[in-house]
Amino acid sequence: MVEDEATARHLSARLRSVARETSPRYDGAKVTVEKGGPPPVRAAVPDTAGQRPGRLTLSDLDLWMTVARP
């Protein structure tokens with residue numbers, strides 16, 4: 001969740017950019033801004049045979065670091 005719609009749009013653009021730049025690691029990732037206040041931003045990355053669930057919290061930290069940066 002972020003503070004407002006403008007911040008949500010900015011963060012979603014940054015997440016999409018990271019997903020594109022780190023291809024093929026995040027191929028098929030979908031970044032969405034949900035409705036609500038404050039608006040949550042979601043990044044969903046599909047699992048593949050070579051990239052299993054849990055990898056985003058253990059080793060692929062690019063998306064997390066994007067959210068952590070101001």
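**Exercise 1. Classify E34 in this predicted model and find the partner of its side chain.**

Start with accessibility. E34 has a relative accessible area of 30%. Buried requires under 20% and exposed requires over 50%, so E34 is partly exposed. Next, look at its side chain: E34 meets R42 in a salt bridge, with an N to O distance of 3.8 Å. The cut-off for such a pair is 4 Å, and 3.8 Å falls within it.

**Exercise 2. How many salt bridges are there in total, and which parts of the chain does the pair R25 and D62 tie together?**

The count comes to two salt bridges. One of them is E34 with R42. Another is formed by the side chains of R25 and D62, at 2.7 Å from N to O. Now place the two ends: R25 sits in the loop between α1 and β1, whereas D62 belongs to helix α3, so the bridge links parts that are 37 residues apart in sequence. Finally, check the exposure of each end. R25 is partly exposed at 33% relative accessibility, and D62 is partly exposed at 25%.

**Exercise 3. Is T66 buried or exposed, and what does its side chain reach?**

First, locate the residue: T66 lies in helix α3, which covers residues 62–68. Second, take its accessibility. The value for T66 is 2%, so this threonine counts as buried. Third, follow the side chain of T66 to the backbone oxygen of D62, which it reaches at 2.9 Å. D62 is the residue whose side chain also meets R25 in a salt bridge.

**Exercise 4. Which residues make up the largest nonpolar core, and which helix gives the largest share?**

Begin with the membership. The largest nonpolar core has eleven residues: V2, A8, L11, L15, V18, A19, Y26, V31, V41, V45 and L63. Helix α1 (residues 5–21) supplies the largest share of this core, namely five residues. Then zoom in on one member, V18. Leaving out residues up to four places away in sequence, V18 touches Y26, D62, L63 and T66.

**Exercise 5. Where does S12 lie, and what does it contact?**

S12 is placed in helix α1. With a relative accessibility of 3%, S12 counts as buried. Setting aside neighbours within four places in sequence, its contacts are V31, V33 and V41. Of these, V31 and V41 are members of the largest nonpolar core.

**Exercise 6. Which residues make the nonpolar surface patch of about 320 Å²?**

L61, W64 and M65 make this patch. Take M65 as a worked case: M65 lies in helix α3, and at 41% relative accessibility M65 counts as partly exposed. T66 lies in helix α3 too, but T66 is buried.

**Exercise 7. Where are the cis peptide bonds from S23 to P24 and between G37 and P38?**

Recall the background: most peptide bonds are trans. The bond from S23 to P24 is cis, with omega near 10 degrees, and P24 is found in the loop between α1 and β1 (30–33). A cis bond also joins G37 and P38, where omega is about -10 degrees. P38 lies in the loop between β1 and β2 (41–44).

Definitions and conventions. Residues numbered from 1 in each chain as written. Predicted model: local features only at pLDDT ≥ 70, side-chain atom pairs only at ≥ 80, totals over all residues. Heavy atoms only, no water. Helix = DSSP H or I, 4+ residues; strand = E, 2+ residues; numbered from the N terminus. Buried < 20%, exposed > 50% of the residue type's maximum accessible area, 1.4 Å probe, protein only. Polar contact = N/O pair within 3.5 Å; in protein donor to acceptor, adjacent residues only side chain to side chain. Core = buried A, V, L, I, M, F, W, Y, C linked by side-chain atoms within 4.5 Å. Contact = heavy atoms within 4.5 Å. Patch = residues over 30% accessible without salt bridge, like charges linked within 9 Å, V, L, I, M, F, W, Y side chains within 5 Å. Areas by Shrake-Rupley, 256 points an atom, 1.4 Å probe, with all protein chains shown as cover.
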